[in-house]
Amino acid sequence: MLELERIHSHPLWLGIGGHVVGFDTVLMQTWRIREPVMWLFEQITGNRKTFGMNLIGGVRRDITPELKTKILEVVDTVEKEWLKVIDAIGSDTPLMLRLKGVGVLTHEDAVDYCVAGPTARGSGVRIDSRVDHPYAAYEYLVPEKKVHEGCDILARTLVRLEETLESVRLVRQCLKEIPYGPIMAEIPSEIPPGREGVKAVEAPRGESIHYVLTGENNRPYRWRVRAPSYMNLASVPVMIRGVELADVPIAIASYDPCFSCTERLEVVNAKSGEVRIYTRKELNDLSRKKRDR
Amino acid sequence: MAFGTSSQFVNELKDRFQGNILSTREPVSRKIYVEIHREAIRSIAEHLFRGLGARFNTIIGVDRRPTHQDFQTTHLFSLDEDKIFVLLQASLDRNRPEMDSITSIIPGANWAEREAQDLLGIQFNGLADPRRLALPDDWPENLHPLRRDFPYNFRPEPVKGVAFKPREAPENATVVPIGPFYPVLEEPALFRVFVEGETVVGCDYRGFYNHRGIEKIADSTLTYNQISFLAERI
């Protein structure tokens, strides 16, 4: 499930990234490729998103042999089509110009701002909590860390493109080697208070870290969550320094946090106090016009 | 730098900081809890981050007044090569919880410190940008919702006449605010982008408009198995 999540999330990101730079074919194609994965989720869990699968001690549904076949079929197709996407994107000169050397987060800044996930790996930071702090079955399924040194939007894109294929490989390996057995462990009594635990999980956008200090009444005394975008967003001011205004939407989008910063834009001329409001469409047009230059 | 075992790391740390390390424990393999003197946070954090190449992850503030008569901060680091998590835990005064800021050493700690300042009222001395991060601008001063004596369903009266204090733009720069509202995606955010011509020369950020206080809900009203459903909706 964790890898299928990546297989749907990276194409989702790439589609929106394509949309933001005015290349909607990317959006159409990647979302078409992604859709069968969403159907899979529905068959496995009952939901397209927010699966409701996890409980303390295990998961709520098992993968049947029929589903197994189905999953393999879907990831086969995704892989075939994804290779075509990689080829198409790599050979698209205008797109390369929009991504290469733009939105640079230097390796030093990436370390100083402690960024996570593809944002970090695109700046040459060799971290991936699946490998560094193995959880679930990652002691047995070892993903290859996908790292690029470009520090720009292109590097972040390449990391995600390659990770999608790596996830396909992991799903296959997982289905081949998964043992049969109970899907839920018995928890004999209430969880005692005063115990601490911390765990990191590599979500598509980077590692999500949870800390729990247990308390009375079967609930935590303190539960602290650190999502990957928390660290990534905080480094946006450093990353967009030096980029052109028209590249700001894709630069921010390249972190995969919040694309619709393009919704409304207000330009205030600091000297005259003159205000001009750009709509989302105008800003997107500005971004797209740059592509046509 | 790589350590063969976690005890090697612990011994080296104890040698270097001696009296500032109060105790260490490793209840689960490769999760090392280090109790430290709060005055030593800067030097230990600097050693981990600059000396050992550890990664800073976050700060966890806990109001332990009901159980331990103090506030506790946990600075979470990871030594990724060694597959180790290091939790630096410090006890702060129950009436004046304060400690030194580490943001000048680790820029990535700024948000974590500001968040603990907002939600728990822990003061970080020397924090260059101590503006509000998680709490809304019209939230009353000195009211910290993640403290245990703050009821989860209490709604304070909004303070009138306050607003976000944006950072001054550099001279000659034009301010281009992007946001804060856009209905299509996850959360609203305000990027005040400073431009000279078309080139961005700086940026100021205000976010957290969607802060929902899930940590508070979880420690006040939910049970473990309900939390896993909430966690999925973050």
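This is a predicted model: local features need pLDDT of at least 70, side-chain atom pairs count only at pLDDT 80 or more; totals for chains, interfaces and linings use all residues.
I'll start with chain A. Helix 1 of chain A covers residues 2-20, which is 19 residues. From its first C-alpha to its last it reaches 27 Å, close to the 27 Å expected at 1.5 Å a residue. Helix 1 of chain A is mostly covered, with 16 of its 19 residues buried. After this helix comes A:G22, with a positive phi, near 85°.

Next, a helix pair in chain A. Two packed helices are described by the angle between their axes and the distance between the axes. Helix 3, residues 65-90, packs with helix 8, residues 153-177, at an angle of about 160°, and their axes are 10 Å apart. An angle over 145 degrees counts as roughly antiparallel, and helix 3 and helix 8 of chain A are therefore roughly antiparallel to each other. Their crossing is left-handed.

Which residues of helix 3 of chain A meet helix 8 of chain A? On the helix 3 side they are A:K68, A:I71, A:L72, A:V75, A:D76, A:V78, A:E79, A:W82, A:L83 and A:I86. On the helix 8 side they are A:L161, A:T164, A:L165, A:V168, A:V171, A:R172 and A:L175. By class, this contact has twelve nonpolar, one polar and four charged residues.

Staying in chain A, there are two loop residues to look at. A:C114 has a positive phi, near 55°, and is not a glycine. Look for A:C114 in the loop between helix 5 (107-112) and helix 6 (117-121) of chain A. Is A:C114 buried or exposed? Its relative accessibility is 1%, so A:C114 counts as buried, the cut-off being under 20%.

The other residue is A:A136, where phi is again positive in a residue other than glycine, near 45°. A:A136 lies in the loop between helix 7 (129-132) and helix 8 of chain A. Because its relative accessibility is 65%, A:A136 counts as exposed; that class begins over 50%.

Now chain B. Helix 1 of chain B, residues 6-17, packs with helix 2 of chain B, residues 41-51, at an angle of about 135°, with the axes 12 Å apart. That angle makes helix 1 of chain B oblique to helix 2 of chain B. The crossing of these two helices is right-handed.

From helix 1 of chain B, the residues in the contact are B:F9, B:E12, B:L13, B:R16 and B:F17. They meet B:S43, B:I44, B:H47 and B:L48 in helix 2 of chain B. The residues of this contact divide into five nonpolar, two polar and two charged.

Methods. Residues are numbered from 1 along each chain as its sequence is written. Chains are lettered from A and ligands numbered from 1 in the order in which they are written. Side-chain values use heavy atoms; hydrogens and water are left out. Axes are lines fitted to C-alpha atoms, for helices over the stretch in contact, and angles run from 0 to 180 degrees between N-to-C directions. Helices (H or I, at least four residues) and strands (E, at least two) are DSSP runs, numbered from the N terminus. Angles under 35 degrees count as roughly parallel, over 145 as roughly antiparallel, 65 to 115 as roughly perpendicular and the rest as oblique. A crossing is left-handed if the near helix is turned anticlockwise from the far one by less than a right angle, and right-handed if clockwise. Contact means heavy atoms within 4.5 Å. Ala, Val, Leu, Ile, Met, Phe, Trp, Tyr, Cys and Pro count as nonpolar, Asp, Glu, Lys and Arg as charged, and the others, Gly among them, as polar. The expected span of a helix is 1.5 Å times one less than its number of residues. Buried means under 20% relative accessible area, exposed over 50%, partly exposed in between (1.4 Å probe, protein chains only).
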